[in-house]
Amino acid sequence: HGSTDASEDFTVLERLQQLEDGLSRLQAGHTRLVNVHVKTQAMQVQVAEYVEKQIHEHVEAWQSRIAEEMQRKVETQTAALQQWIVEQFEERSNALQRKKGTAVLNQASTQKPAEDLQRRSSKVRLRATAAGPRAASVRGA
């Protein structure tokens, strides 16, 4: 019976050794798996940081483009408004000049007949005084 017990003991020891080897492989696999998991988490953090950085850069680029476009539009609108103001000023200035010109002409046309009348009446007076009292008496008669 001793040999069977010894062979059974050997088989049990062999089995125990196989189990320990399997356990060692499982532990080594588990350690590798944990390391892969840690590396994966680190990569996820790096990817998240990279994506966040890229988004931030894109946001800044778009903000810059929008600001440039808004500046361009403001400059264009300002120039158009200034041009409109100049045109309105010139138009109103010209209208005012035309109005003043018409008023001066109207004043001149009313002044000219009055001036002509004054000149004529002073010529008549000059003639009357040059002709002397006789002319005055003729007019009186």
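Val47 is found in helix 1, and in this predicted model that residue also belongs to a nonpolar surface patch, together with Tyr50, Val51, Ile55 and Val59. The chain has 2 helices and 0 strands, and buried residues make up 2% of its 141 residues. The points below take the overall fold, the nonpolar patch, the salt bridges and the aromatic side chains in turn.

**Overall fold and surface**

- The secondary structure consists of 2 helices, with 0 strands in the chain, and helix 1 covers residues 2–131.

**Nonpolar patch**

- Val47, Tyr50, Val51, Ile55 and Val59 form a nonpolar patch on the surface, and their accessible area together is about 460 Å².
- Val47, one of the residues of this patch, is placed in helix 1.

**Salt bridges**

- The structure holds 2 salt bridges, one of which joins Glu57 to Lys53 and another of which joins Glu69 to Arg72.
- In the bridge between Glu57 and Lys53, the closest N and O atoms are 3.9 Å apart, a value that falls within the 4 Å cut-off used for a salt bridge.
- Glu57 and Lys53 both lie in helix 1, where 4 residues, or about one turn of the helix, separate them.
- Glu57 has a relative accessible area of 35% and is therefore partly exposed, and Lys53, at 48% relative accessibility, likewise counts as partly exposed.
- In the bridge between Glu69 and Arg72, the closest N and O atoms are 2.5 Å apart.
- Because Glu69 and Arg72 are 3 residues apart in helix 1, about one helical turn separates them.
- Glu69 counts as partly exposed at 31% relative accessibility, and Arg72 is also partly exposed, with a relative accessible area of 45%.

**Aromatic side chains**

- The charged end of Arg65 sits over the ring of Trp62, at a distance of 5.0 Å from the centre of that ring.
- A pair of aromatic rings is described by the distance of the centres and the angle of the planes.
- For this structure, the count of aromatic pairs comes to 0.

Notes:
Residues are numbered from 1 along each chain as its sequence is written. This is a predicted model: local features need pLDDT of at least 70, side-chain atom pairs count only at pLDDT 80 or more; totals for chains, interfaces and linings use all residues. Side-chain values use heavy atoms; hydrogens and water are left out. Buried means under 20% relative accessible area, exposed over 50%, partly exposed in between (1.4 Å probe, protein chains only). Rings of Phe, Tyr and Trp (its six-membered ring) pair if their centres lie within 6.5 Å; planes under 30 degrees apart count as stacked, over 60 as edge-to-face and the rest as tilted. A charge sits over a ring if NZ of Lys or CZ of Arg is within 6 Å of the ring centre and within 35 degrees of the ring normal. A salt bridge is a side-chain nitrogen of Lys or Arg within 4 Å of a carboxyl oxygen of Asp or Glu. Patches are made of residues with over 30% relative accessible area and no salt bridge: like charges are joined within 9 Å, nonpolar side chains (Val, Leu, Ile, Met, Phe, Trp, Tyr) within 5 Å. Accessible areas come from the Shrake-Rupley method with a 1.4 Å probe; for residues, only the protein chains shown count as cover.
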